[in-house]
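Biologist: I have a structure open and would like to go through it with you. Can we take it piece by piece?

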Amino acid sequence: KRETKLRLIWGKIRQSSGINAEYGGAMQPTKLFSKAIVTGYRRGQRNQDSSISLLKIEGVSSKAETEFYHGKRVAYIYRGQKSRKNKVTKRETKLRVIWGKIRRAHGSSGMVRASFRTNLPPKAIGATVRVMMYPSRV
């Protein structure tokens with residue numbers, strides 16, 4: 001009797017916590033970032049402002065859906081010509097990152113404005129960036 005009660009309780013815990021038998025009893029992976037595409041800079045008919053980049057986030061199609069992403073960090077990862085020492089891992093690498101932040105919505109179709117620490121280069125237009133799931137505002 002006691003063993004069956006324990007099995008029932010463990011089954012409920014497993015269901016509520018997302019633990020699945022298919023993954024060998026391990027929890028399902030957590031989503032750390034979403035993908036977005038750099039579509040260009042904020043601009044008018046004649047002038048553009050390269051300090052504000054426009055991003056189209058995957059799966060976001062309305063102004064209301066962009067609100068979740070306001071304040072989230074964005075990473076543009078690119079490959080440099082020469083390898084440099086990474087400040088954190090102390091290893092030589094050619095990969096570099098430009099960090100930014102999503103500021104607000106742009107229009108009503110799910111585009112967002114982001115500003116980066118240094119302006120994104122023109123070769124970043126059409127490239128993918130990572131929209132991190134932090135900081136959380138929940």
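Biologist: What stands opposite Arg42 in E2?
Modeller: Asp49 is the residue opposite Arg42. This is a predicted model, where local features need pLDDT of at least 70 and side-chain atom pairs count only at pLDDT 80 or more, while totals for chains, interfaces and linings use all residues. Residues are numbered from 1 along each chain as its sequence is written, and side-chain values use heavy atoms, with hydrogens and water left out.

Biologist: How many bridges join E1 to E2?
Modeller: Seven, and the two strands run antiparallel. Strand E2 covers residues 48-57, and strand E1 covers residues 33-43. Strands are DSSP runs of E with at least two residues, helices are runs of H or I with at least four, and both are numbered from the N terminus. Two strands pair if DSSP finds at least two bridges between them.

Biologist: How many residues lie between E1 and E2 in the hairpin?
Modeller: Four residues lie between them. Elsewhere along this pair, Val38 stands opposite Leu55.

Biologist: And which strand does E1 join through five bridges?
Modeller: That is E6, residues 128-132, again antiparallel. Phe33 has Met132 as its bridge partner there, and Ala36 has Val129.

Biologist: What holds paired strands together in general?
Modeller: Strands of a sheet pair through backbone hydrogen bonds, either parallel or antiparallel.

Biologist: What about E2, how many bridges does it have with E5?
Modeller: Four, in the antiparallel sense, with E5 spanning residues 111-116. Lys56 is bridged to Met111 of E5.

Biologist: In what order do the strands close into a barrel?
Modeller: The order is E1-E2-E5-E4-E3-E6, six strands with antiparallel pairing. From one strand to the next, the twist averages 45°; axes are lines fitted to C-alpha atoms (for helices over the stretch in contact), and angles run from 0 to 180 degrees between N-to-C directions.

Biologist: Step back a bit. How do the elements run from the N terminus on?
Modeller: They run α-β-β-α-β-β-β-β, which comes to two helices and six strands.

Biologist: How much of the chain counts as buried?
Modeller: Of its 138 residues, 27% do. Buried means under 20% relative accessible area, exposed means over 50%, and partly exposed is in between (1.4 Å probe, protein chains only).

Biologist: What share of the contacts is between residues 24 or more positions apart?
Modeller: 59% of the contacts with a separation of 6 or more. A contact means heavy atoms within 4.5 Å.

Biologist: Surface next. Which residues make the nonpolar patch?
Modeller: Ile77, Leu95 and Val97 make it, with an area of about 230 Å². Areas come from the Shrake-Rupley method with a 1.4 Å probe, and for residues only the protein chains shown count as cover. Patch residues have over 30% relative accessible area and no salt bridge; nonpolar side chains (Val, Leu, Ile, Met, Phe, Trp, Tyr) are joined within 5 Å, like charges within 9 Å. A salt bridge is a side-chain nitrogen of Lys or Arg within 4 Å of a carboxyl oxygen of Asp or Glu.

Biologist: Is Val97 buried, partly exposed or exposed?
Modeller: Val97 is partly exposed, at 40% relative accessible area. Val97 is in strand E4, residues 92-106.

Biologist: Where is Lys90?
Modeller: Lys90 is in the loop between E3 (73-85) and E4. Its phi is near 65°, a positive value in a residue other than glycine. Lys90 counts as exposed, at 58% relative accessibility.

Biologist: Last one. Which residues does the cis peptide bond join?
Modeller: Tyr134 and Pro135, with omega about -5°. Pro135 is in the segment after E6.
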